[in-house]
Amino acid sequence: MLTLHGTLEVVLVLLAAAVLVVVIFRQLRLPVLIGYLIVGTLIGPHALGFVTDTRETRYLAEFGVVFLMFSIGLEFSLPKLLTMRRMVFGLGAAQVAVTLMLALALAVAAGLDWRAGVLLGGVFAMSSTAILAKMLAERMELNSPHGRQIIGILLFQDLAVVPLLIVAPALAVGEALAWSLLLALAKAAVALALILAFGQRLMRPWFTLVARQKSSELFVLNVLLITLGLAWLTGLAGLSLALGAFLAGMLISETEYRYQVEQDIKPFRDVLLGLFFITVGMMLEARVLIEHGLLVAVMLAGALVIKAVVVVGLARLFGSELSVALKSGLALAGAGEFGLVLLAQAGHLGIVGGTQLQAVLATLILSMLVSPFVIEHSEGLVRRVGASEWLSRAMELHNIAIQTMEAERHVIICGFGRSGQNLARFLAQEGIPFIALDLDPQRVKEAAAAGESVVFGDAARREVLIAAGLLRANALVVSYADTESALKILNVVRELRPGLPVIVRTVDDADIDRLKEAGAAEVIAEILEGSLMLASHVLMLLGVPLNRVLRRIRETREQRYSLFKGFFRGLSDEIDEDGDRHQPRLHSVVLPPGAAALGRSLEELNLARFSVEVTAVRRRNASSAVPDFQARLAEGDVVVLRGKQEELALAEMFLLQG
């Protein structure tokens, strides 16, 4: 068996393992954190033995925890906590306290020392912020009732780690425990007071001075200096390095440089945190799963069930519906990265060790492995158990249906963020009715109170779109840049309204082909539009005449957006409201059974005699940029025409009746 002892060899093996696991798990769309744990278990001293569990390795990995706590400190916003205070300091605090006390009672009943019970309680009270936040974002549930509840509890769990990390070294002291605890808390209080009192006064002017040098290298070096410097100070005071990093993050979070710092520190955090989880996996002995498999299985089932029951019960006490409580309980049942941090510290301090440490570690890792699958299948379980889920969804659909009951030839706006609101203003100015769907309850509440036609609903759900009047709408707009959600919406439209034009917003051109193939009439890329506006301003400032600038922009748009071709006018062209009906416009004609154009080609039909142009033909809602004039038209095809109003009417009549 090959065992590596040299520092360079160890680092190379860890880097190779990290790169491999990130590639594989991103391809499988699984949390990378789980991959790190598995790889650490395989290459560690208890399996293949490629890497020994050395003090240097653990010390390097500890910086991953330092930067993780720094990131948590950056998120520690007092206004944010105040708006979620009932969820965070009420439900979140209750969940941590009850879970900790239950774990303590079970540990003492099993014959463990009460100090080990306290730390194990903290270990099992934690859930994975990394896994849950990622899955909620992918499932578009961050702003749902259970999503906000989960985030609130996770936020308190993250904050609860700080006092637990402070208390852990004091618990390791055999004698004068009370004095050690008081001393540790006093040190933490003094450090907190000094850093917050004097650090805040120094932080902003110091960062301003550094930023004025306009050197990204200097800025990153300064962030590392502040983070590691405060970690060193708290370590010098006998406290954890993570506490100093957390305080550094808190100080920077109150400055205008917070977001830049967050981006700069992210590579260091992710790399070192991955190394930390690999070293945690190295602690696991595979033989424990073989020799004590029954014990691990019982602990795993017990931990998942007890924690889920605690969250569900407390959520119900705090007034949540049963379906919301069940979803929160199932999501939070698994363990988290901070539980691994606390367990690693308990092992290094000697509070928990031997078979006990291995059994708990195996339980935590296995619970994190099954957590994504539990969340993925939680919807079906909730539907069986929580009848109120159906009631709440029925009420949601009822509210949407009431809002759109009398709507005809309206526009459905999916998403009421900035883009959706701007579009709504343009539609209102033209007197075009619309209904907007959004998943942010606060935004919906405020917009509806202001008289906007917006309701709460997930636009990617078939029943929501039907309730919003999809079968009567004139157009649908996806105003947020989420390709996967847009594809779901397009799939519903393709099935129910193949002739309905759908306009989709994206960030760049990467997914344009996928969206067009799925049936989008047009895809608007933000980067292209932003670059056009940038180019127009630059050309004008350089003295290029306005007419020439507008012509360049028009030509570019005509090449990119086939639907806009021929629609742009110069400043000298006068278009008044009375002349609107003489201007060319687009019109979609769906060929029903028995239409006169079925089985005939566009060349044979010769629609040009009506002075109209065929811009596209969508078959099964898949659009071609250049229509094939030789292909035979079939039932369900959508012929997109451009021309004046009267000419379009004649062409449509000819296509349908001959």
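Which residues are linked with Arg600 in a network of salt bridges?

Tutor: Arg600, Glu604 and Arg632 are linked in such a network. A salt bridge here is a side-chain nitrogen of Lys or Arg within 4 Å of a carboxyl oxygen of Asp or Glu. The model is predicted, so local features need pLDDT of at least 70 and side-chain atom pairs count only at pLDDT 80 or more, while totals for chains, interfaces and linings use all residues. Residues are numbered from 1 along each chain as its sequence is written, and side-chain values use heavy atoms, with hydrogens and water left out.

Helices (H or I, at least four residues) and strands (E, at least two) are DSSP runs, numbered from the N terminus. Arg632 is partly exposed, with a relative accessible area of 48%, and Glu604 is likewise partly exposed, at 41%. On this scale buried means under 20% relative accessible area, exposed means over 50%, and partly exposed lies in between (1.4 Å probe, protein chains only).

The side chains of Glu613 and Arg642 meet in a salt bridge, at 3.1 Å from N to O. Glu613 lies in strand β8 (residues 613–619) and Arg642 in strand β10, so the pair ties together parts that are 29 residues apart in sequence. The two partners fall into separate classes of accessibility: Glu613 counts as partly exposed at 37%, whereas Arg642 counts as buried at 7%.

A further pair can be set beside these. Arg514 forms a salt bridge with Glu484, with 3.3 Å between the closest N and O atoms. Because Arg514 lies in helix α24 (residues 512–518) and Glu484 in helix α23 (residues 483–496), this contact ties together parts that are 30 residues apart in sequence. Arg514 is partly exposed, with a relative accessible area of 38%, and Glu484 is partly exposed as well, at 39%.
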